[in-house]
Each structure stands twice: as structure tokens, then as C-alpha cells.
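This briefing goes through a helix pair, a sheet and a chain contact in turn. Please keep the sequence and the structure in view while reading.

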Amino acid sequence: MRIACPHCGLRDVQEFVYLGDAAPQRPDGLAATEAAMFEYVYLRDNPRGLLEELWYHGVGCRAWLVVRRDTLTHAIEYVGLAKSRKAGAAA
Amino acid sequence: MRKQLHRLNSGGLIDRTQALCFRFDGKNYDGFAGDTLASALLANGVRLFGRSFKYHRPRGLLSAGPEEPNALVELRTGARREPNTRATVVELFQNLEATSQNRWPSLGFDVLSLNRLAAPALVAGFYYKTFMWPARFWEKLYEPLIRRAAGLGRAAAVEDPDHYDKAFVFCDVLVIGAGPAGLSAAVAAGRSGARVIICDEDFRLGGRLLAERRQIDGRPAADWLAAILAELASLSEVRIMPRTSVFGLYDHGIYGAVERVNDHVAVPPAHQPRQRGWRIYAKRAILAAGALERPIVFPGNDRPGVMLSGAVRAYVNRFGVLPGREAVVFTAGDGGWATVRDLTEAGAHVAAIVDARSEINPESKTMALRVGARLFAGSVVEATHGGQALRSVTVRDASGKRARLACDLLAVSNGWNPTLHLTSHQNGKPVWEETIQSFVPGRLPPGLAVAGSAAGRFTLAEALRDGARLGREAAVEVGFAAAAADPVPATDAETDGLAPVWRVRGNRGKAFVDLQNDVTDKDVELAAREGFRSIEHLKRYTTLGMATDQGKTSNLAGLAIMAEQVGKAICETGTTTFRPPYTPVAIGALAGHHRGKDFRPVRLAPTHDWSREQGAVFVETGQWLRAQYYPKPGEQDWLATINREVLATRSGVGLCDVSTLGKIDIQGSDAAEFLERVYINGWKTLPIGKARYGVMLREDGFVMDDGTTSRLGENHFLMTTTTINAAKVMQHLEFCHQVLWPELDLRMVSVSEQWAQAAVAGPRSREVLRRVVDAKHDISNEAFPYLAAGEITVGGGIPARLFRISFSGELAYELAVPAGYGDAMMHALMAAGEPYGITPYGLDGLNVMRIEKGHAIGTESNGQTTARDLGLGRMMSSKKDFIGRLMAKREALVQADRPSLVGFRPVDTNNRLWAGAHFIGIGRAAKTENDEGYMTSVAYSPNLKHWIGLGFLKNGPTRIGERIQAVDPVRNGEVEVEVCSPIFFDPEGTRLHG
Amino acid sequence: MAEQAKSIWRPRSAWAGIVEAGQIGVDGKPGVTALTLDDMGFATLIVPPGSPDLASATKRMIGLDLPKKAFVSLSSTHGVAWAGANHWLLFARQQAGFVDLLQSFSDHAAVSDQSHARAALTVSGPRVREVLAKGAMVDLHSSVFPVGATALTSFAHVHVQFWRTDDGPDGPIFEILVPRSMAGSFWSWFAASAAEFNCRIDRD
């Protein structure tokens, strides 16, 4: 596979580290419940088709990326920066 | 020069002025440049190439290409011996040496051909059914027996002396196959200016044109070929790669290829690789891999002398070799008739043409008459005769009448299968095409197009047309302006009528579907009867389509017979999935430079050479090589060395490299807040100029890493990580910042490589450092107390950092200097410490001292332990959120009897301890249900003069003074140990503050 | 004592004991030339997103434009290479004065001295791209990687940053930075890969 890093361009997948589903959001703060955290840490869907995933360009610019990939065909529809995702965060 | 009895006097693409001498099975032969090993042997009249896999039947050449199932040989000798090499693709070179395989004692007389008598035991699935009981017989008896009887070649037993390369290349258009379609495509794309790579597995470009007598634009095809190759060579962005097999297609336009750079010479020239593995990144690709001719399944179809009709033409037209003088052609279509023509023109006599079709066109009948061949329409060959070489065949006509015809060659023609393998690597199921009675490519991977025969369009005219069109289209798709299209050249007339014969039933002899795996039509029937009807099951059960040829000639016949057995059409049974590699690939070509000591990069500390000068023994720690210990002459063993190093450090001063620890520079107004969130303990209160020990959890609550972090400024911290986890922690911190909390004002970078760092430990360490640190810096106990951290200078102004931290439990410092000064630092510290007997120590000495102090390392924080397990539970702040906080509180992780860290000492202090031992109550059986924990680290303490250990024990801290068994059934059985504090040495920590 | 200290505290090249001047591989005209760069200063500069003044500071202090994504700005004495989001690598051809330069940059970016963290070398010659292609998973064709382009990637599993400095009479010239600890493994790969083209090696 190849991933089009928004910083570095199209690169071989060997340069990246896979994490998994990008959807779960960490329940931050002292008020977070153990149940919510459990869900965040362990519970994942395993869809056949499009999935937004987190990848880390460790052998490049060190950016964490959100990659929308079809798990069936490996076709990649979109790649963006994870840090741009959080509402209000600077690009 | 020895006479080549079957060599034609003229013709072919061989160089008769360049004779090459070679050996096969110890006998010398001559061939010519341009030959393959197969064509050269055939020219010399050799018919017998090997023995078959299971039955040891004599086998000859079936093909002239990569699909060859029979003619597998061991190529070269000694360290370069390579088994299972197909003689049909081995380019002949001077002094080539090859040996036949799977025969004993000789190819002509093979004892195990008696296997044929035991044939009933070797049917489909025999290894699932036979030799099942008793089990112990398998290893001792059956397996060696089968390995001897059924097998292929022998690998070299010594290291390969050649080297291999791996390389990456990018292009706009990759063309796979340099036959008429591929060459047309390459030139069409190349003319537009696109970057084109054209690969062909052959050493000569031209594909089937090399083997056929065809006309293009009214002239011999060779003229067209020469012109197009010249044009390709003139295009600067076109790269022509002969001897290169594209073996796999991967996601997003990545192709694997292997270039046989120097397989065509005996020994590669100095500094050149034997083979080179390529990873090709292509925006577009055109598969023009051609097609493979199909054999016919009939009794005796494996006898040497039975050959594919297209291969016969290749030997005649390309190699100038006559594979037989008296031939019979058995054909199911028009293809066989071209062979009749070419054989006759080359001087062979065609005794008979056996065409399975009942209707023969008038031109063909005239040709049969002209060449003096008997014509059997609507007929089949139902048996072959002869020992190790064909002498005659039995023909059966439509009425059942039989005729026996003498011949030394039987050319068989049953149509062609597109070489579509690469199209199915990404789940592209081939689809059945009724008109050509074959599978053609199905859904194609993005960016791939298929041209000519590979798409099931078998005529030369279609190949030229497809190639030109697809080449232009590919270039345009990637952004190049289309070059003006030349008219597609005209070709001579051709026909491809076909009515395939999937098998001929007969009552004499075996009819082979898969020659390489000795799978017969009866085996397929048996599999069907036993319920292995799915095509994928058929393959696994019978081994049909396995090994080096991967069913290139056998797949379809197997499917057809299975379809017939289960009463389905071939399109309903489907086909197996072709997976990479298309052709066998040496592991060396995939590894390239990365073998032996270059298997992966090795990291050396900036003090490495100094350690080597000191006689260090090194040990791998992840990618790093670290000094393990520094033996001195006369020391009787490793333990004596370690004891000396530890005692010298604890009584005077020791010196240890710690450069390999990860170091991360963290700056920004939210740096302290960030540390609060990634460490379990607090950081906002850490004063500037101080270091603090921190523990990091994974989000699931288990310990991830630990180390000290120092505050260099209000908004500036320097984190250290363990050696092993440095990259992992960096990735984790980037995750925390970029994914979880991008709003934090934070800048991080690894500075691990910038600093050489050394631990100076022991009661005299301050005195040593005093002589190294520039005089203006006060490092007295008062000015620079325990956990002080500061920027200083050494050597008269060289910027350095000093940390008063200790892993050994002694008064200790870590001094960091820019890595280029690492070597100087060690020499300076040695010189300054000389009066105090400064002693280098390595990882093992450090390990002894940290066990004496009860400090956990990776053996304790092994990914299954929590901070609480390690006795660090109280460090976990309750005033803030941090990674892993909630999951670490899970019920099972906070149960009182969860094993936690304590120390152990042997009750009989003469006993040694073993890491990995499990704790079992005294008097209880060593069973899982009595398991109370395990030992993680042990060392001989030269200070206590007995072995000590750390480990995890249920309710550990409440059981100090209790005795328990440390059970290690693998090594020394049981040792009675006493549970104690994990801090064995200086429990009050007074030395630290000295 | 002072004299002795002076003689001890000399820096050691990252290539010491690894690269020797000379020639490797086949005879003939060198297809590749390698020159170690032993006195360069490097530092990472990182700014908060959207921070405006590093560009003007760079222009003012070393006369170079802060390069955009995947490019490097070069002068005869200094350079600055893009090295990730809001992240640059500042370098000087000589270490003398570099610490002072970093001091003046520290008002405009988070500065981390990396002068000793990288082993640097220049490689050039008509066959240089063929050598690099044995390890680089990036396209080095002029249409994709022109003079002034830089990339963070790996060569033969060693993390590198490199850029195309210029084109000489003998083809492209690249500068490559490798982690100091991996200089030996990098060189082992480079030397083996370059040998078939004849490689001349010069030490700085």
C-alpha cells in the first residue's frame, strides 16, 4: 500500500505505523467514567468497507494521520492530519 | 567440438560462432550462445531430464518456458547449487554444470521407480490417509522414507557466496512482457514522454515472435522487432529490463520483480549482485504476459517425447533444434497445424496429424497431403509407447479403430490459457470465456490494463492493436499528451479455431493432469468421490497446482475433470486464486543487502570505540550494541568480572555508558501540563534544575515506560526513556499531542543522538567529576544535591549537562556531552578517576546493582504489570487525569492478592536462583492452581555474597519473612527462598545522598 | 593538567573508524563520489502553528527564505530544510559560531542543537541515483525531486533526511543526514551498493 501523507507526499506503507479506528474519542478529565474509558480502550467495530483509521508517519514527518480506507479493497479515499480534526484546534 | 545431432544447420536466434561447453549429470556437451539449458540438451539428443515427484517416472521436456513442470535440475555446484531450476529458462553459459534431481542412483536406472508398483498407496491425499498410526513411526520411519522417495532438489548446505540487491524504481507506465503486445504498448507510451519500464523474464525480448514464423507489414517479424527495440532504446525515459520477472502485484500500483542480473554467468563479476529484487511503483501498468499452451490429459502423456506444440515451434524456430525426426501432431485446434508446417520446413517428417475435431478445412487437408502425413480427423491419442523415450503412439478414431504409429515426438496442442496470474492477486477472480474455452482476467486492480493474449485475444493482430491502444491510453491517463498514433501494422493471416479436449480416457497407463506433482485424472476423480469438490479443496487434497509451476499447465484440466465429475460447467466450478509469486523467487532477492550482520541496522553508542578499547563484551539491546561487561586478563569467568565491577563501584567509583537511553526535548508553555497527563505523578511543582523519576502507563493501565525527566527551564523539560522504548515513547507522545490534545502549546523532538551520556557512580564519583567539570560550576552536595540537574561546561567550555541521579543506589551522576565528545568524555573520566581506581562497568554490573536496590526494569515492567504491582502505586496522583488512570483501577488490577514486587533470597545461601521460577507454597505440588507468582530477575550479589532475586508474589509485601519454594522444573528444580524487601542494599538510601 | 585536558577534549567525527578516503569497487572512472561532512552544525527549529516571525528571523539572520513543504533553502554557509509540520532543520557548514546563532534563534522557535546527532555526507556522480534507489523508497527523478527538494524517509531501514543540493557536471548532488548511531550500518549498505559503479570517497 501507499499513503499520501499531506506533508511528505505518496509514501510506501512501510514508513507508517498502524493504530486502528480513528473514531473513538478519549474521555478526558477526572469526571470520565470507567465504563466510558473501557469502551474507548477496547471496543471497536470491524467494518467491511470504509473506515477512518489512525496512522503514524514515523519514518517521515512524525504526523499522526487520519486515513479513510476501504478495508475490503484497500482503496484510500482521504488522508488528513489528526491534529486538525479536533474542533477549534489550529491546523 | 562435439556434434549436436539435433541441431539444425541454420536458422534460429542462436550464435553458432559462440560455442559454449557445459555439463549435465557429469557428461560434457556443447551448445551455443542464445540457448537455454533445455534447448542445448535437446540439440544434443538428450530426452530424459528428470524423474517425477512421486512415482519416479522418466520425464522429458514439456515446454520451452517458465511453465515447465518436468525439467527441473540442480544448477551449479557447491555453495552456489540451486535446486528445482527449470532447464527451459536457464540461459546457457560457459561451463554451466547441472544435475538431474529425484533419482537414485542415476537418471537412467532409478531404484525408486519401483514406487510405481506401490502406486496405489500414493493416490490423492495419501499423506492424510496413510502412515497415520502409530504416531511415533511418523518421525522415525515414514517421514524420512517419503522425503527420500518423493521430493525435489537439494539446497546447498553452505552459505550462498553471492550477494543480492534490492532496489526501488518509479514509473508512469509499467509494461509486463515484451512480446508484440508489450513492445507496442511500451513504444506507444514512451513516445509521449512518459517514464516507461518494460520487463520480460526472457533474456531476449520478443515473446512468441521469437518462436513463430510470422510476417508483419509484409516482412519477417524479426525486422519489426529490431526496429521497435531500436526505438525503445532511443527513448531516454524508457527502461528496458530483460531477465526480469514481475512476480506480484500489490496495492496502489506496487509491483514486485526479480532481475536475474548474473544468473547467466558462472560467477557474478566482482561487486555485482547475482539477482536484484525490484519494487516497482507504477502509476499505470499493462499486463502483456502472453499465454501458456495447454497440454492434453491422455494415458502416457508424460513420456519423454511428448511436448507442447508451441514449444516444438520454439525449439525449431528460436533455437534451431529439431526435437524429433518422426513426429505425430495431436491437436484440438488450428495451433497444431502451424507446428506441422514448421516441423516439415525444418526437415522433420510428420507421420500423422491427429485432430480431435471431425471437420477439417480443405487447406489443412491439402497441407497434410503435401507433407505426407496421415490425417486422423475426430481422433485422439490414447496411449504412448517406449521406455524412457517415445517410440510410438496409439491413435483411436471416432469409430474406435486403433492405429499404432512409430514416432519420436508427439506435439500436443489444446489451445492457450491467458497468463492472467497477476490480475488475480488482488481478489480479481478470473472469468470463464466460452469462445476461447479459457479463463480471462476478471475485475482488474486499479491502474492495470491487459493486452493481447493475456486478455484472451490470441492473434498477433490483436496483440499489436491492444498494445498500441493501451500504451497510448496509459500515458494520457497519467498526464502526457498522446503521441501521434502510427497505423497498427498489418499481419499475415492467422486462425485460432479450437475445440479443447480435456482428457482422453484409455485403459493403458496413467493420464497425468499435473506432471510436477504426479496427479492423474484418477486422483481428481477420487477427490471428487471423497467429497473434495471445491476447487480449493481439490488443490490441497491432491496437491494439483502446487510447487514451482503452480499449476501453469495443469490447473484448467484439473478443473475441467472436476467439473465433469460433479456435473457442472467449468464456469460454475471456478478456478483457484493465483497468488504471488508468479515464478519462484530466491529469498536473497527479497532480502537484498539485509542479511547476516546487515540483517537490520545496528546502533552504536558514541562511546562504543572506547568500550571496545576497554575490552568490552557487547550485547544486543534492541538495535543497540551495548557493553555488557569488561573482562580483564586472568579473570576466571563472567561472574568474576561482574563482581569486580560491582565491588569497585560500590567501594570507589565506576563508569558506565548510558548514551542509549532515549532523550526527548520538550518545550512549550504547556510542557508541564503535558507531562502531568502522560506520567502518573505530578510535574508542575518540579523546580527548574531538578530531575524527577516518572512512570508512564498505557491507556489500558499497564506500565509502558519509566525514566527521569528534568526541568531545564520554566517551559523546557528533558525526558529520558528506556533504551528499548525510546521510539515507542516518542510515538506515544506524538499521539498524545497530535491526536488527543492538539490544543496544548508544545514542541517535541528526539535528541537521543545528540548526547553521549555516562553514569559515574560510587562514593568517589563527585571527586572524579570535580576534575572534569569546569571549575566555575559548584557541584558540592549542597549546591548540587540529589536529583539536581543542570547545564554546565566541561573541557574548558564544552556545553554539557549534569544530572545527579542514580540507578545503582550510590552517590552518582550522569554526565552528558555532545556525542562527538563522547569518546573524549570517557577518556577524561578515566584519567580523572585513575587515582580512585575508576572501573568501567557494563549492563550486567548495572543489573546487579539495580537488583540490589530493587529497581524495576523491562523484565519487571513487561507489559503485564501495573505501577501498583511494581510497588509504585502510591506515585499515582489522584488530583489529575493521566493516561491509564482509570483502567489501572480496574477490579482485577487492584485485588489485594495480585502478585506484586518483593525480593527473595535463598534460605541456603549456597543455592543460586533462576529467573522464571514460579513460587509454590512449601509442601504443595508444583501445579498451576498452586502458583503464587514468578521470579523476574536474579543476580549474585557480591556485596551480600549470595544470590538475590526480584519477583511478583501474591500479597507479596505482607509476606516478608515467609518461606516459599521457587520451582524451576526446566533447570534446577526447587529452591527454598525467603520473601524479603526488594531493597537488599542500603535500604535507607544514605549512600545516594552522600 | 590543562594541557592534558585540552588534548583529551577533541571532538570525534561521526564517521571516524567507519569511512576511509579511497576507492571502492570496480576500477575505472568513479560512478559515485562520497564526501563526509564533519564540521556541520544542525539544529531543529519548531514553532507553534501559525507562528509568524521565524521566516523574517531566518531571512534576517542567515539571509535565507524559510522553505515551504519539502524544500530546502541553501547559501554557501547556511541552509534551512523543511522537516515536518512547523518544523525545520537549520544548518551551518561550519560549527564555529553556530551556538551563538542558535541563541539568537531561540527567541523565535524552540531550538534543539542536533549538531552531533547527525552524520552527514555529500554523494554525487552519474550513477548516484542508482545507488540511492537500492535503499530509498522515494522517487528521485528530476520531475519529482528537483534541486532544492528534501525528504524525510529511510534508506535501507536507516532514518534519513536528504536533499538535492545542486546538479553538477556529473549529475545530481545530494546531502544525506543519518542518525549518528547508525552511521556504520548506513555506510555498510552504501558501500556495498556503490561498489558496482566504482565509488571515490573523500573525507572532509
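In α16(B), the residues B:Ile642, B:Glu645, B:Val646 and B:Thr649 meet B:Asp844, B:Gly845, B:Val848 and B:Met849 of α21(B), where contact means that the C-beta atoms, placed from the backbone, lie within 7 Å. The model is predicted, so that local features need pLDDT of at least 70 and side-chain atom pairs count only at pLDDT 80 or more, whereas totals for chains, interfaces and linings use all residues. Residues are numbered from 1 along each chain as its sequence is written, while chains are lettered from A and ligands numbered from 1 in the order in which they are written.

**Helix pair in chain B**

- The residues of the contact of α16(B) with α21(B) divide into 4 nonpolar, 2 polar and 2 charged (Ala, Val, Leu, Ile, Met, Phe, Trp, Tyr, Cys and Pro count as nonpolar, Asp, Glu, Lys and Arg as charged, and the others, Gly among them, as polar).
- Helix α16 (residues 638-651) of chain B packs against helix α21 (residues 843-852) of chain B at an angle of about 60°, with the axes 9 Å apart; helices are DSSP runs of H or I with at least four residues, and strands are runs of E with at least two, numbered from the N terminus.
- Axes are lines fitted to C-alpha atoms, for helices over the stretch in contact, and angles run from 0 to 180 degrees between N-to-C directions.
- α16(B) and α21(B) are therefore oblique to each other, given that angles under 35 degrees count as roughly parallel, over 145 as roughly antiparallel, 65 to 115 as roughly perpendicular and the rest as oblique.

**Annotated span**

- The unreviewed UniProt entry annotates residues 608-880 of chain B as "domain: GCVT N-terminal", and such annotations may be inferred rather than shown by experiment.
- Across residues 608-880 of chain B, the end C-alpha atoms lie 42 Å apart, and the span is 26% helix and 29% strand.

**Sheet in chain B**

- Strand β22 (residues 392-396) of chain B is joined to β23(B) by 5 bridges, and B:Val395 has B:Ala403 as its bridge partner in β23(B).

**Contact of chains B and C**

- The contact takes 42 residues from chain B and 41 residues from chain C.
- On the side of chain C that touches chain B, α5(C) gives the largest share, 6 residues.

How values were computed: Contact = placed C-beta atoms within 7 Å. Pairing = 2+ DSSP bridges.
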